[in-house]
Amino acid sequence: MPRLLDRIDNPADLEGLTKQELEQLAAEIRQELVATVSANGGHLASNLGVVELTIALHRVFDSPRDKIIWDVGHQSYVHKLLTGRRQSFASLRQHGGLSGFTCRTESEHDPFGAGHASTSISAALGMAIARDLSGDNYHVVAVIGDGAITGGMALEALNQTGHLGSRICVVLNDNGMSISPTVGGLAKLLSRVRFDYRYRWAEEESKRVLASLPLGKRIWQLGQWLRRGFKGLIMPTVLWEELGFTYIGPIDGHNIGELEIALTQARDFCSKPAFVHVITTKGKGYQPAEGDAIYFHGVSAKSTTNDKTLTYSEVFAQTVLRLAREDPRLVAITPAMPEGNCLSIVEAEFPQRVFDVGICEQHAVTFAAGLATQGFKPIVAIYSTFLQRAFDQLIHDVCLQDMPVVFAIDRSGIVGEDGKTHQGTFDISYLMLIPNLIIAAPKDENELQHLLYTAVKSKHPMAIRYPRGSGLGVELDPVLHEIPIGKGEILRHGGDTAILAIGTTVAPALEAARELASNGIEATVVNARFAKPLDTELIIGLTRDIKRLVTVEENALSGGFGNSVVDLLQQLGISDIRVKSIGIPDEFVEQGSQALLRAKYGLDAEGITRGVLELFPNRQCRKQGFAYK
Ligand SMILES: Cc1ncc(C[n+]2csc(CCOP(=O)(O)OP(=O)(O)O)c2C)c(N)n1
């Protein structure tokens, strides 16, 4: 039977569909989501939860004239399917394919690109003000989850929206989950509404439960429900109304009819900001995802290998666990990523000393600074791309006051299919300019544990960057030791050239050196370990005899490790050295597998060999399969 979905080329095609047809369409969309995400990886549970909401939004609002802004953008797959991207949907998250987030260059139906959380209400308000100033009258809708709405920016934007009274519609997609369960006071308030809502809808079930209880227990239970139900009904309305919004809800987010009534109300009858509170179930309609929404929040593409090598994140968390057992003052902080960075294993043993602060990177950093003032040893585990949010907190609250806070920067360098918004290719550059901060990157997972130990012992702020994915599979030393700050190591000696590599690039640099040797070029390979402070002594020593130097880093060239080495040579007045720096040029890195992108930027063994050969213009490598020219 032909699918209804195949007839939807733009939102206008949704008009005139019957209730049954809409339900069939929702089921077909779910099948499409499961099939594509199983093959390509991506955010499954979040998208399954917004199928009906997306259909209703596109039936009530007139996109692209009306602006629908998806916060984070990870739940925009259904929106993509309904806005002319169905035929390219199989390319989701592939190199050159559809983005896994919203993207202005991809479609006129994506009025604002995203990837990082909590930006939608600010962007919506900006568009609404622009509309009003230019005398236009389209609608602006921000769709935000209960996780993202706890982010500082979202709260700042709500505050200003209420103040200005601008006509925007905020749709809260409330499923009780961020990636893990949403944390905080606001989350508790929302959960009361959900409880009340479910209570009302499950009245029959409640009566059955009550009937089964003895009289005393029955009265107590009824009291609990009434108290919570009353608060649940009054509190959220008051909160949003006091902020200046007209509150509509709570609405069953899987009932298209109900959703359409609420959204139409918000569209037609509210002259001031409207807040539509929609209750959804993450993973809806696909049992495995409904049952384990955390696992199915973001899934990887089906793997053909059975790689049991520990990931860097796992080694990080295991090391934190060891250190936490020894030191009661060690605490760990995560802005909403306890699963991704594996701190959940530490939390299981030390629930009092692991803090999920919500999607609040800025707060996470200053919260750590506060802990450090009282002699605690905070480790802030944060993805490279999200630490960008906390730049001022890093400078003003941590480094300026020389607080001994440890930054465990996960997903540094190239992250792969999440693409431009998530690549961790800037951290060395934006950290390099901050005084007092030590910046390190391990060559493998064993060195990661020693660097973490070193950082915890340090009296200064220290950042350790490590990549997404598996380690190299090396042995983990049973005893941890400190690594001298600012000291690199020479892994291989050769008199023709020196390759100074940092982090993930050390292993391919060694491979490149072996390849070069088989072609008559002997290379010294240095594991720099620290981007700051640099190992000045080692670099001066090298440049006495070696006049060709190559730096390699999985970071932007601008302001990165290589730049810093060149600066050092200049300051030392060493001018008889030819330097070639390999890294990311001045561009945003597209989506694609890590291997593909590393090859593209010359960060694999072949690329490094090619880079070295540029300093030896008359030489070529002969090995087959290595295309150096
Ligand atoms: C600034 C920032 N920090 C962390 C993340 C990682 N992240 C992606 S989605 C997500 C959870 C969002 O939860 P919610 O808004 O409730 O949406 P849901 O997936 O539950 O629909 C998180 C923490 C991010 N994208 N941006």
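Arg 411 counts as buried, because its relative accessibility of 18% falls under the 20% cut-off. Arg 411 belongs to strand β9 (residues 406-412). Its phi is near 55 degrees, a positive value in a residue other than glycine. The model is a predicted one.

A positive phi in a residue other than glycine also occurs at Arg 93, where the angle is near 70 degrees. Arg 93 sits in the loop between α4 and α5 (120-133). With a relative accessibility of 9%, Arg 93 counts as buried. Most residues other than glycine have a negative phi, and most peptide bonds are trans. Two peptide bonds are cis in the model. The bond from Ser 63 to Pro 64 has omega near 10 degrees. Pro 64 is placed in the loop between α3 and β1. The bond from Gly 249 to Pro 250 has omega near -5 degrees. Pro 250 is part of strand β4.

Strand β4 (residues 246-252) also holds Ile 251. Ile 251 has a relative accessible area of 9% and is therefore buried. In sequence, 224 residues separate Ile 251 from Ala 27; in space, their C-alpha atoms are 20 Å apart. Ile 251 is among the residues touched by Val 276. Beyond four places in sequence, Val 276 also touches Cys 169, Val 170, Val 171, Leu 172, Ile 248, Ala 262, Leu 263 and Ala 266.

Val 276 is one of the residues with the most contacts inside the largest nonpolar core. Helix α1 gives the most to it, with seven residues. In soluble globular proteins, nonpolar side chains tend to be buried together.

Helix α1 covers residues 19-40. Its 22 residues should span 32 Å at 1.5 Å a residue, and the end C-alpha atoms are 31 Å apart, so the two values agree. The buried residues of α1 include Leu 22, Leu 25, Ala 26, Ile 29, Leu 33, Val 34 and Val 37. Glu 28, Arg 30, Glu 32, Thr 36 and Asn 40 are buried in α1 as well. An α-helix has 3.6 residues a turn, so residues three or four places apart point the same way. The cover over the buried residues of α1 includes α2 (44-48), α3 (51-60), α4 (77-82) and α10 (256-269). Just after the helix, Gly 41 takes a positive phi of about 80 degrees.

Asp 71 occupies the loop between β1 (67-70) and α4. Its relative accessibility is 1%, so Asp 71 counts as buried. Asp 71 and Ser 118 are 47 residues apart along the chain, with their C-alpha atoms separated by 6.1 Å. Ser 118 is one of the contacts of Asp 71 beyond four places in sequence. Ala 117, Thr 119, Ser 120, Val 143, Ile 144 and Ala 148 are the others.

The second largest pocket holds about 550 Å³ of space. Its lining consists of 26 residues. Ser 99, Cys 103, Gly 419, Lys 420 and Thr 421 lie nearest the centre of this pocket. By type, the lining divides into 15 polar, six nonpolar and five charged residues.

Terms used. Residues numbered from 1 in each chain as written. Heavy atoms only, no water. 1 Å grid on protein atoms, 1.4 Å probe; cavity = no way out; pocket = protein on both sides within 12 Å on 5 of 7 lines; lining within 4 Å. Points joined across faces, edges and corners; volume = space filled by probe spheres on them. Nonpolar A, V, L, I, M, F, W, Y, C, P; charged D, E, K, R; others polar. Helix = DSSP H or I, 4+ residues; strand = E, 2+ residues; numbered from the N terminus. Expected span 1.5 Å × (residues − 1). Buried < 20%, exposed > 50% of the residue type's maximum accessible area, 1.4 Å probe, protein only. Contact = heavy atoms within 4.5 Å. Core = buried A, V, L, I, M, F, W, Y, C linked by side-chain atoms within 4.5 Å.
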